[in-house]
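Here is a quick tour for anyone meeting this structure for the first time. Take a look at it below, and then we'll walk through some of its strands and cores.

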Amino acid sequence: MLPDQSLESNYSHYLEGGGEMGQLIRDYDWSKTAIGAPEQWSQSLLTTISLIISSHFPMFLWWGEELVQFYNDAYRKSLGNDGKHPAALGQCGADCWPEIWPTVQPMIDQALAGGAATWCEDILLPIFRNNQIENVYWTFSFSKVKDEPGKTGGVLVICSETTEKVHADQKMEKTLAELADSESKIRYMLQDAPVSIAMFTGYDFIIESANKQALKEWGKGEEVIGKPLAYVSPELNGQPFLKLLKEVMDTGIPYYGNEVRGLLKQQHRLEEFYANFVYQPMKDENGKTKSILMVANVITEQVVARKKVEQAEEMLRLSIESANVGTWRLDIESNTFIASPRMKELFGYTAEEEVTLANTLDQVHEDYRQQVADAIVKSIETGKDFSVEHPIIGRNHQNIRWVRALGRIYPMEAGHPAHFSGMMLDITEQKQDEIRKNDFIGMVSHELKTPLTSLNGYLQLMILKLNAPNGDFMASYLKKADVQVKKMSSMINGFLNLSRLESGKIHLNMEHFDLGQLIRETIEETNPTLHQHVISLNPCAGMTVHADRDKIGSVVSNLLSNAVKYSPKGKKIEVNCQLTESAAQISIKDEGMGIKPQSLEKLFERFFRVETKHTENISGFGIGLYLCSEILEHHKGKIWVESEVGVGSTFHFSLPRRT
């Protein structure tokens, strides 16, 4: 029985993994929320949640009109204990965050309205956690997440708690204020400060002192004290730091650097780092700068992590916006069918309309409807992949479009019913190109075949009339003309077979026949056209097969013709037969120019020809071997080639033996 149709993408694999939060999201009863069960979620929502739960960087998502909440394990840490977790999952934003809502709501509204993403650093947002309101600092970005064309589905928050960093910066600022009081106090506090602190004296920037953290970051020991900075770390030449130190020495104005990138030599190789730092001028009683105090906080890990998140966010946006495929999901047990907005659009429905599998089949062109239905049933029953190309007629606009449908059956797993799902691609443009090409080939072939048929009839009558005495000379040439007409007819039939094959209308007239006898007849028909080649045939007895005799004959004829065309004059062509337990195998060997290895893979592709200086004057359209391959595939046979440049080629084909 054909399922009552509906096809949304397989949501379950988007929710895989994710640690504690991944499991909570999978176990949560979303059907009781405004966004409904996961089976109803859009492709954009599923993709965004997949990114969030697989990321090791804190992420938070508000979705839908009620701003239903999702977050990952990395964010969950900032919620502490005895606070909002786990109730925050699936809760409406305004209900969850009354203490900060007046601050964050304008930024949420800006993102939902399609405005630019916000970026805030070290913002104080007190939250309830650990059974109390705590002062928590955050660096975060609020950005929109598109759901469907022209609509924003939610707000993605990429964030990190910077409470410890802010406290450290506050401590550093306090340290600077205290250190400025006296140089002796500076020396005392240098050693165990949690940030890098060093003193540079004079324009040579002699390292007068450096604490443990600074020496650790530099990868140096106490031996650098008293030496010029450029001598200790020559890799700083060409970087901005020495120039900045000179400017501070000249102007007496402090310099504050934020996330400045640099390179330092660590264990004999340059390592990238990022740092926040200040160059504080230390002045004498006359107000002249004599030394510079450096206080730096290396933040390489934080910056690199943020840049990776920013890159991931950009890739997510591009993926969501560029994905232009329709998706579906059919629940096998309940026959529930879910189609994505793009899928509905392809079939001529609006995004708001309910669509069943039967509705979509009704829009499939009647010539293909049963084929598509049979393919669906076969895929569901056998578990094999579903892949069909067919035209559809839009319900509302009646436009004809070609689509390629790909899908498969997913068996029942724990907590998840069996379902049939996949996607649909619009291939209208490329299909129209193929149809126009096939129509052209069919038209040209039929136009040429009419006069050739008449000519062939006249030649046959003339040959019969010339059976009288002294007609041998004219009869000989008329027979040659007859052979050429047959060649042209064979070429045109090749075009017709190509057209029928690619339109799916090729028909096999299956019968039992002696393959060896067919080969002998084909060689006899070919011999009158040969003047400087000899075809030898090894015995082919008892080779009865079940196949289309005419089409297999065209395979043999094509391979013999190629052997003649691509062999020098005077060379021999050898035909061999072999029987195995399961197949009859034929090989046609020539002593021609051979085929380069890079051309062998493409040899049986449509319209492919080996292009060399030796083949420039050899006629052909590149369809003969393609047709041979397709004919044998329809017979469940095989074709292959062995070749060596300058030595020759051997083409083999096999057919299943009669059962």
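In what sense do strand 22 and strand 24 pair, and over how many bridges? They pair in the antiparallel sense, over seven bridges.

## Before we dig in

This is a predicted model, where local features need pLDDT of at least 70 and side-chain atom pairs count only at pLDDT 80 or more, while totals for chains, interfaces and linings use all residues. Residues are numbered from 1 along each chain as its sequence is written, and side-chain values use heavy atoms, with hydrogens and water left out.

## Around strand 22

Helices (H or I, at least four residues) and strands (E, at least two) are DSSP runs, numbered from the N terminus. Two strands count as paired if DSSP finds at least two bridges between them.

Strand 22 covers residues 583–589, and six of its seven residues are buried (under 20% relative accessible area, with a 1.4 Å probe and protein chains only). So strand 22 is largely enclosed by the rest of the structure. Strand 24 spans residues 648–656, and its L655 stands opposite A584. Strand 22 also pairs with strand 21 (residues 572–579), again in the antiparallel sense, over six bridges. A hairpin of three residues joins those two, and I586 in strand 22 is the bridge partner of C577.

Elsewhere you'll find an open sheet of five strands in the order 2-1-7-6-3, with antiparallel pairing. Strand 2 and strand 3 (118–124) sit at the edges with a single partner strand each, so one side of each has no neighbour in the sheet. From one strand to the next, the twist averages 25°.

Strand 6 and strand 7 pair over ten bridges, in the antiparallel sense. In strand 7, C159 stands opposite F140.

## Two nonpolar cores

A nonpolar core is a set of buried Ala, Val, Leu, Ile, Met, Phe, Trp, Tyr and Cys residues joined through side-chain atoms within 4.5 Å. The largest one here has 50 residues, and W62, F70 and W97 touch the most other members. Among the elements that each supply at least two residues are helix 1 (19–27), helix 5 (101–112), strand 6 (137–148) and strand 7 (151–161). Helix 2 gives the most, with six residues.

What does W97 touch, leaving aside its neighbours within four places in sequence? W97 is in contact (heavy atoms within 4.5 Å) with F60, W62, Q69, Y75, L79, K84 and I127. A second, separate core has 35 residues, including L560, I588, I639 and L655.

How values were computed:
Axes fitted to C-alpha atoms, helices over the stretch in contact; angles between N-to-C directions.
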